[in-house]
Amino acid sequence: MDTVTGQSPVTPALDSLDALVGAVDGQVLLPGDDGYAAECSPYNLAVAHSPAVVVGAASAADVQAAVLFAAHRGLPVAVMATGHQGSLSTDGAVLVTTRRMDDVSVDPVRRTVRVGAGVRWQAVVDAAAEHGLAPLNGSSPLVGVVGYTLGGGLSPTMGRAHGWASDHVTALDVVTADGRLHHLENRPDSPDADLLWGLLASKSNVGIVTALEFGLFPVTHLHAGGLFFAGEHAEAVLSAYADLTANAPDELTTSIALTRFPPLPFLPDFLSGKFAVHVRFSLLGDAATADALLAPLRGCAPVVLDTVAEIPYRENAAIHNDPVDPAPFVQRTVLLREFTPGSLADLVDLFGPDSDCPAHIVELRQLGGALATNPDLPYAAAHHDAAFALCVFVIGPAQAGEASAWTDRAFRRLEPHSAPGTYANFVAAWDTDPEDVRRAYLPETFARAQRVKATYDPQNLFRLNHNVLPRS
């Protein structure tokens with residue numbers, strides 16, 4: 001299929017499945033076809049997907065064909081690279097999977113990398129490391145680069161040093177609802193500035209990104225790892241963590257997780273079936289600085305395991321050790337303005353060893369630093385007045401209902417300490433009520449996102465997501 005950037009593709013009318021199959025270089029699969037179930041199976045199994053058609057895209061032209069076919073049939077379009085973030089069901093929709101679009105190209109002179117829509121973070125980390133460079137990647141090496149970045153991209157390695165991943169996007173290619181392929185440069189005089197902003201502000205609401213270019217940083221090593229404590233010491237560890245974050249340099253990015261894992265054979269004894277505390281630590285600095293920063297934490301309670309050391313950047317996934325096998329899970333997030341004695345007491349009461357918390361993981365990630373210093377880029381994820389993101393993770397569908405109601409009560413308790421909005425990448429499935437989506441944005445950001453949506457997707461073709469309704 002021939003394409004012209006910014007214009008409709010030259011293509012036969014995509015008014016039948018045969019025409020779609022003939023226009024696609026990848027795969028077109030229907031329910032019952034061999035490979036259909038595997039093609040639309042996500043990493044997060046909390047939501048099952050039974051789309052009317054799956055297009056396994058091998059190129060931007062394949063994405064264009066899928067979008068034009070869906071528009072002709074009046075079907076919604078969804079996109080999935082790795083499926084880490086649970087979304088709305090794609091039943092009856094056209095699902096575009098991008099895992100075949102896996103090209104990675106590093107420009108060491110410009111310190112940029114261009115990736116296809118299906119690339120995962122470890123591939124970028126490895127390619128960049130060959131040139132002494134590193135990206136603002138996520139905690140899991142299996143997460144898709146494009147979806148992570150369109151949701152802001154909160155790096156657990158260098159976020160406070162360099163900001164949101166979305167702040168460093170230099171260019172992208174996107175297919176909009178009219179089937180056009182656009183190449184967008186991130187520069188002040190760009191005629192497509194609104195479209196680029198809309199993509200970085202509202203994930204897949206205004207198009208399907210087929211390629212992404214973004215900046216890299218001259219980093220080869222980190223002083224990084226984790227400290228593990230028995231859960232009975234949660235209050236002491238949280239207090240020491242509060243002191244650490246109160247005066248943390250921007251070169252330090254950290255989080256703390258309270259974990260309640262069920263008995264699992266692949267977990268160490270101090271985690272399997274037990275309540276534990278895990279401090280995650282990543283420093284752009286030397287060993288002496290790391291030791292000085294960690295000394296109060298190491299002295300606040302007995303350390304069960306200490307893995308902090310100098311590591312090659314390509315091994316940064318060891319900081320969090322996220323699970324690698326698909327599983328059903330849901331996430332809820334609230335942003336906090338502060339970590340004061342009052343909020344510390346509430347956190348211990350709600351999530352500590354004597355609480356009735358049903359969540360498997362409660363994580364507090366420090367924001368601030370460079371994450372708070374770019375208010376001229378009001379992307380959806382960039383809530384610059386928040387100091388922390390508090391994330392609640394529940395694994396398995398059986399506990400989801402109970403945990404959701406409990407989390408609602410917990411978040412109401414935390415309202416005196418909360419900041420407006422949320423972090424889009426840590427919300428597994430939003431309610432279909434538009435007001436719930438509205439509350440996740442800053443008001444001026446949401447209003448602009450609605451205007452961009454009305455311009456590029458007035459029929460709301462891309463609605464199986466954190467949907468922003470189009471409005472002029």
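This is a predicted model: local features need pLDDT of at least 70, side-chain atom pairs count only at pLDDT 80 or more; totals for chains, interfaces and linings use all residues.
I kept to numbering from 1 along each chain as its sequence is written. Local features need pLDDT of at least 70 and side-chain atom pairs 80 or more, while totals for chains, interfaces and linings use all residues, and side-chain values use heavy atoms, without hydrogens and water.

Entry one, α8 and α9. I found helix α8 (residues 234-246) packed on helix α9 (residues 287-300) at an angle of about 170 degrees, with the axes 9 Å apart; axes are lines fitted to C-alpha atoms, for helices over the stretch in contact, and angles run from 0 to 180 degrees between N-to-C directions. Helices here are DSSP runs (H or I, at least four residues), and strands are E runs of at least two, numbered from the N terminus. I noted that α8 is therefore roughly antiparallel to α9, a term for angles over 145 degrees. On the α8 side the contact (heavy atoms within 4.5 Å) is made by Ala236, Val237, Ala240, Tyr241 and Leu244, and on the α9 side by Leu293, Pro296, Leu297 and Cys300.

Entry two, α7 and α13. I saw the axes of α7 (residues 193-202) and α13 (residues 443-456) come within 9 Å and cross at roughly 115 degrees. Ala193, Asp194, Leu195, Trp197 and Gly198 of α7 meet Thr445, Arg448, Ala449, Val452 and Tyr456 of α13.

I looked for sets of points on a 1 Å grid over the protein atoms alone where a 1.4 Å probe fits but cannot get out, with lining residues having an atom within 4 Å of a point. The largest cavity is lined by 16 residues, and Ser155, Pro156, Thr253, Thr254 and Ser255 lie nearest its centre.

Terms used:
Angles under 35 degrees count as roughly parallel, over 145 as roughly antiparallel, 65 to 115 as roughly perpendicular and the rest as oblique. On a 1 Å grid over the protein atoms alone, a cavity is a set of points where a 1.4 Å probe fits but cannot get out, and a pocket is an open set with protein on both sides within 12 Å along at least five of seven lines; lining residues have an atom within 4 Å of a point.
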